[in-house]
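Visitor: Could you take me through this model one feature at a time, giving the general idea before the particular case?

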Amino acid sequence: MGWSTRQLAEIAGTTLRAIRHYHEVGLLTEPERRANGYKSYGVAHLVRVLRIKRLTGLGLSLKQIAELGDVDEHPGEALRALDAELAATIERLQRTRAEIALALGQAAPTDLPPQLGRALADAEVSATERSLTVVMNQVLGRSALDTYSDTLRTYEPDPALAEFDHLPADADERTRQDLAERMLQAPAVRRMLRDHPSFQELSADAPRGEDFARRTLALAALDLYNAAQIDVLIRMNC
């Protein structure tokens, strides 16, 4: 006399629900029934259930196990594929842990890659500049972001730059023009223009194209800066 469904589940260390599900998805064949109509499972069923448990424990899905068929042989190919997936996952998690450690150790923004985030944190720029940097990171290419990181690493606070951060929207034209001229003379800006003459072409290698990057950054600037600040930036580019 064989085992009942409940007995099979108990011996295999699983649940009645799991046994029934294996039947439903075709992983476990239906056993013969006793004279009273109850199912009667044998050793082959137990071996099959234990194999399913073992393979799912290793990380194979029920679909992958079904694709292996009913032959209880060593699933080398499937396990090799799974091992490759796990290796990639481990590598990704290790990179993530390294980034988390860097963010924790240097108070770098978590919404930026480590190198750029560290440079931004060290530069002690305004909250507005931080927000704009996050947008830049989304739309600009690698070389452009590296250029910007270099600029941040050599950043020096300047009265004109601080004044720009607090410029009121109703600033008169003379104030705007004077500030634009003084900002162009700020050490950080002069160094940027001297060391990175192509800085104004940051969108040249944008992954989704120059037009997309420029439109996105223009909209971001309009959202982050007031009318007077936008006018100052335009005057600096003239």
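**Reading a predicted chain**

Guide: The chain exposes about 14,900 Å², of which carbon and sulfur atoms supply 53%; accessible areas here come from the Shrake-Rupley method with a 1.4 Å probe, and for residues only the protein chains shown count as cover. This is a predicted model, in which local features need pLDDT of at least 70 and side-chain atom pairs count only at pLDDT 80 or more, while totals for chains, interfaces and linings use all residues. Residues are numbered from 1 along each chain as its sequence is written, and side-chain values use heavy atoms, with hydrogens and water left out.

Visitor: What pLDDT does the chain average, and where is confidence lowest and highest?

Guide: The pLDDT is the predictor's confidence in each residue, on a scale from 0 to 100, and where it is low, the predicted coordinates should not be read in detail. The chain averages a pLDDT of 83, with 89% of the residues scoring at least 70; confidence is lowest in α11, at a mean of 74, and highest in α2, at 94.

Visitor: How many helices and strands does the chain have, and what percentage of its residues is buried?

Guide: Helices (H or I, at least four residues) and strands (E, at least two) are DSSP runs, numbered from the N terminus, and the chain comes to 13 helices and 2 strands. A residue is buried under 20% relative accessible area, exposed over 50% and partly exposed in between, with a 1.4 Å probe and protein chains only; buried residues make up 36% of the 238 residues in the chain. With contact defined as heavy atoms within 4.5 Å, 57% of the contacts between residues at least 6 apart in sequence join residues at least 24 apart.

Visitor: Which residues of the largest nonpolar core touch the most other members?

Guide: In soluble globular proteins, nonpolar side chains tend to be buried together. A nonpolar core is a set of buried Ala, Val, Leu, Ile, Met, Phe, Trp, Tyr and Cys residues joined through side-chain atoms within 4.5 Å. The largest one has 36 residues, of which L140, L152, L179, M183 and V232 touch the most other members. Among the elements that give two or more residues to this core are α6 (114-123), α8 (142-153), α10 (173-184) and α13 (227-236). Apart from it lies another core, of 17 residues, among them L8, A9, L46 and L82. Leaving aside neighbours within four places in sequence, M183 is in contact with A160, L161, F164, V189, V232 and M236.

Visitor: How many aromatic pairs are there, and which parts does the pair of F164 and Y225 tie together?

Guide: Rings of Phe, Tyr and Trp (its six-membered ring) pair if their centres lie within 6.5 Å, and planes under 30 degrees apart count as stacked, over 60 as edge-to-face and the rest as tilted. By this rule the count comes to 1 aromatic pair. The rings of F164 and Y225 have their centres 5.5 Å apart and their planes at 55°, so the pair is tilted. F164 lies in helix α9 and Y225 in the loop between α12 and α13, so the pair ties together parts that are 61 residues apart in sequence. F164 counts as buried at 5% relative accessibility, and Y225 counts as buried at 11%.
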